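The sequence and model come first.

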Amino acid sequence: MATRSNSPQQFPENSNTFEKLGLLLIIAVAAIIRLQINFSTQLMPGINAPYYLVQVRSILENGTLGFPDLPLVFYTEAFFAKLLNFAGLCDFSGCIMISSKIIDALLYPLIAIPLFLLANSVAKDIKAPRWIPLLTVVLVTMSTPAIVMIGELQKNSIGLVWAMFYIYFLYKGVGRGRPLDYLWAGAFFVLTGLTHLGALGFCLAFSASFLFFSITLKHGRKIDLIKMPVLLLLTTASISAFLLFFDPERLGKLVSVILFPIKMFERPIIFAVLNGATNSPLQYLTTIPIVTSANLLAILGLVLFVRKRGKIVSKEKILLLTSLTVTIFMASPLLGAEWAGRLYLMAYIPVTIVSIFLLKYTLTTWKRLCLVVLMLPLMIAPVQVVLGVKPATSITNEAYNDLFKLKNVIGDPERTLIITRHGLEWWAAWTLRVNVSQGWNLTKESFKNYDNIYYLRQKTDQGNFGLLDSDGLSFPEVVIPPNAEIVYEDELYILAKTQPGPQQFYYEQEP
């Protein structure tokens, strides 16, 4: 006579059709939202989006990046732009802009796949609601940070896609001990490193915590604990080689952070917020709700671990404690202002993993409802999109078209440097094919490369400087030196030429 097994019952393999269809629907909706945002404006949303256009054009025309950087996103967009242009669907410049918008819209929603697989692996007990993986997928694909990164932070968001795949295969590798899982983890670690330095740092922090808790909890065989540091050593060495080749400056930053992590807590952002130094509505819209929600969920995760640690299996404890540690670090209000803006936008990844455990081990409906309410601050962006909030660009369409008039004034673009405000510099580089700078990072040696130095000041039509920040202030304009010669002026711009050499750079107000 058959006996009933006392082991936890798992979802039957043939009953996943609804979940898979739901996953595909969420990916499609997320991609449509991102396409709608990117194509709702003639230009690119945000401040730094034209940087991608400049880099892609350089690859297509010269075969190399115009500025040192991690290359994967730019080469992907260059390849797709080439296909569009070859098919005759757009002109050269138009194909570059369309490619950048499409790649940004379609690649990021793929983060739903590894998170869905990870959530299914964790929440597979029959007592756990089967909608948990789908809810967490909605959270990660359509949360406020994911929407805010559209357009201008493509490397950040796409890097997080590879990072999420890495976390999934790392977790499966520890659980199953299969070399193939570790190989996949290593491959996605490399993809992360070729995409974005911040996402790579996130992977390193997650890996270090994961290894620490694996050793502390003595999970698995010794050979499995050896595989992880060997994997990290090999992949980190390969990434360091890529960084040294493509962007040695970023390698120096990464090494500096690893050796002196305390620097990340200089000038905590919480003091800037309390003193009113962050005057952008976008920062209040994203920073306060994200940090509050993430930290509350992390606290609940710690409570969950203390109360249910006897019921949580060893490999799940490792994943939960790792996610909690990384969440508390990345959402800390004590982070320095320079780092907080970057890490807060990525903190929703580990806190989403924490939410999987909270939803699994919270057994009453009303408590699960309260958890969903706590997650809502991370999910307010889609509501605003549905209500018709359009992305803000750093200049208006009129100001963009007017920039082309300056081409007749600049004689030798390759030997020309234009100094201008943040939010205008990359549009100037894109339209005028010149080198650009905000001025603050120039040294005496910098001027040896240029015959012509110009100051570009915008008089009006600056636009706004970020998605969901339609009332935001533009960055301060440069002040033209008294000895500079004005060579062009119209209703929108003033272009003034000065002599090459060390300069003093002033702005209307402190950036």
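A residue is called buried when its relative accessible area is under 20% and exposed when it is over 50%. The model is predicted.

Strand β1 covers residues 416-419. T416 and I418 point one way, and L417 and I419 point the other way. All four are buried. In a regular strand the side chains alternate between the two faces of the sheet.

β1 pairs with two strands, as the table sets out.

| Partner of β1 | Residues | Sense | Bridges | Residues facing each other |
|---|---|---|---|---|
| β2 | 435-437 | parallel | three | I419 and S437 |
| β3 | 452-458 | parallel | four | L417 and I453 |

**Helix α17**

Helix α17 runs over residues 348-361 and has 14 residues. From first C-alpha to last, α17 reaches 20 Å. That is close to the 20 Å expected at 1.5 Å a residue. α17 is mostly covered, with 14 of its 14 residues buried.

**Cysteines**

How many disulfides does the count give? The count comes to one disulfide. C90 is joined to C95, with S to S at 1.9 Å. The link of C90 and C95 is right-handed, with 110° about the S-S bond. Both C90 and C95 are buried.

Why does C203 count as buried? C203 counts as buried because its relative accessibility is 1%, and the cut-off is under 20%.

Key
Residues numbered from 1 in each chain as written. Predicted model: local features only at pLDDT ≥ 70, side-chain atom pairs only at ≥ 80, totals over all residues. Heavy atoms only, no water. Buried < 20%, exposed > 50% of the residue type's maximum accessible area, 1.4 Å probe, protein only. Pairing = 2+ DSSP bridges. Expected span 1.5 Å × (residues − 1). Disulfide = S-S within 2.5 Å.
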